[in-house]
Amino acid sequence: MKKTFAIISILLIVTLSLSAATISSPAATVNLTKNKVITMDTLNKEVEFYTNNGVSVQQLDVLNSLIDEILIEQGAARDGYSVSDSEVEQLYASQKASVESQAGATLTDAEFAALVAESYGSVEEYKSYLKLQYLTQIYVSGAKADVLNNVAEPTDKEIKTWYRQNSSNFTLPERVRLSLIAMEKTGDSATDSKKLATLQACYNDIKSGKITFEKGVQLYSEDTSSLSIGGDWGFMADTTSTRTNMGDDFVETVMLMDAGDIEGVFETPYIYAIVKCTVHSDPTVLGLNDTIEEYGITVNEYIRQGLLYQNSQYAFINAYNELLADLRSQAKINIILK
């Protein structure tokens, strides 16, 4: 009986020893509201994640980052901030839509999941990441609202300095302002041939002086939106979108036209047209009070908004660091990693 008991005891000791060997040793413990252990396995996995994504990191820096995540999670729960599962799903769907917009293509759920898994290991890990990011945002915004509400407004000096250092960013390309006598292509060969012949006769009359270009607009143009303004289509530049909509031959010719020149008849993907150049502008640098046509605001306002956004990002970083400093002072943190 004693012999049997001794054998069983030896087997238990061996079994317990083998089990203990599989348990990862702790790298740190964190306790703000409850004790949480960060194991070496967790730490090494996180370091490996950065390494696999081409980021060189120090083990201690990664450990402190994991400690900060735990402090945020425990602090947020203690102070009444949370993110629901439905909000996480909305965040995930929003990220999918953003990727689709950048790619210019629709992705199936499986295709997006594969992209996520490639970078984050799994969909669940990615959703955990999104949840933590959003939780951090709402926690910092609520707990440190006083810091975030004191975002510095850019001064005139800062705006002018930024403009002086980056004025080349506000260069308008070479452009031409065009007026068109336009007829829409229908796809019916007989109809389109008749329209082309009509515009060719109109062009001949304009060149011979029988009618003015403006009279031709009134008599023949089918573009109702420009009839009352002499066929004006505004400024055009040599861009990809212009070449797509109007064709390479059209762009190549009109960009060589001087103010007052009339050319025709052009066949573009969508219209037949006689073109008059009313302005030919060389590349120019916009001044602070000039309007950026794409946004409908002045250069000064564009820079002001950009600097204000930059300041708000700095304010958020400061608020985040302040919150973490508060949480670290309240928590019991034991770093075992040496």
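Mentor: Tyr314 has its place in helix H14. The model is predicted: local features need pLDDT of at least 70, side-chain atom pairs count only at pLDDT 80 or more, and totals for chains, interfaces and linings use all residues. Residues are numbered from 1 along each chain as its sequence is written, while side-chain values use heavy atoms, with hydrogens and water left out.

Trainee: What makes a run of residues a helix or a strand?

Mentor: Both are DSSP runs, numbered from the N terminus: a helix is H or I over at least four residues, and a strand is E over at least two. The peptide bond leading from Gly264 to Val265 is cis, with omega near -5°.

Trainee: Why is Tyr314 called partly exposed?

Mentor: Buried means under 20% relative accessible area, exposed means over 50%, and partly exposed is in between, with a 1.4 Å probe and protein chains only. Tyr314 has 48% relative accessibility, so partly exposed is the label. Along the chain Tyr314 and Val151 are 163 residues apart, and their C-alpha atoms are separated by 8.6 Å.

Trainee: Why does Thr29 count as buried?

Mentor: Its relative accessible area is 18%, so Thr29 falls in the buried class. Thr29 belongs to strand S1, residues 26–31. Leaving aside neighbours within four places in sequence, Thr29 is in contact (heavy atoms within 4.5 Å) with Asn35, Lys36, Val37, Lys332, Ile333 and Asn334.

Trainee: How do you know that S1 and S2 pair?

Mentor: Two strands pair if DSSP finds at least two bridges between them. S1 and S2 have five bridges and run antiparallel, so they pass that rule. Ala28 has Ile38 of S2 as its bridge partner, and Asn31 stands opposite Asn35 in S2. The hairpin that joins S1 to S2 passes through three residues.

Trainee: Which sense does the pairing of S1 with S11 have, and how many bridges are there?

Mentor: S1 pairs with strand S11, residues 332–335, in the antiparallel sense over four bridges. There Thr29 stands opposite Asn334.

Trainee: What makes Arg328 and Asp68 a salt bridge?

Mentor: A salt bridge needs a side-chain nitrogen of Lys or Arg within 4 Å of a carboxyl oxygen of Asp or Glu. From N to O, Arg328 and Asp68 are 2.9 Å apart, so they qualify. By this rule the count comes to 17 salt bridges. Arg328, in helix H14 (residues 299–330), and Asp68, in helix H3, are 260 residues apart, and the pair links distant parts of the chain. Asp68 is buried at 14%, whereas Arg328 is partly exposed at 29%.

Trainee: How do you know that Lys96 and Glu100 are about one helical turn apart?

Mentor: They are four residues apart in helix H4, residues 85–103, which means a separation of about one helical turn. Lys96 and Glu100 are both buried.

Trainee: What makes Lys144 and Glu322 a salt bridge?

Mentor: Their N to O distance is 3.7 Å, so they too fall within the limit. Lys144 lies in the loop between H6 and helix H7 (145–148) and Glu322 in helix H14, a link between distant parts of the chain, 178 residues apart. Lys144 is buried at 12%, whereas Glu322 is partly exposed at 37%. Elsewhere, shared partners join Asp238, Arg243, Asp248 and Glu252 into one network of salt bridges.

Trainee: What makes a set of grid points a pocket and not a cavity?

Mentor: On a 1 Å grid over the protein atoms alone, a cavity is a set of points where a 1.4 Å probe fits but cannot get out; a pocket is an open set with protein on both sides within 12 Å along at least five of seven lines, and lining residues have an atom within 4 Å of a point. The largest pocket holds about 1400 Å³, a volume being the space filled by probe spheres set on points joined across faces, edges and corners. Its lining has 40 residues, and Glu46, Glu69, Ser128, Tyr129 and Leu132 lie nearest the centre. Elements giving two or more residues include strand S2 (35–39) and helix H6 (123–143), while H3 gives the largest share, ten residues.
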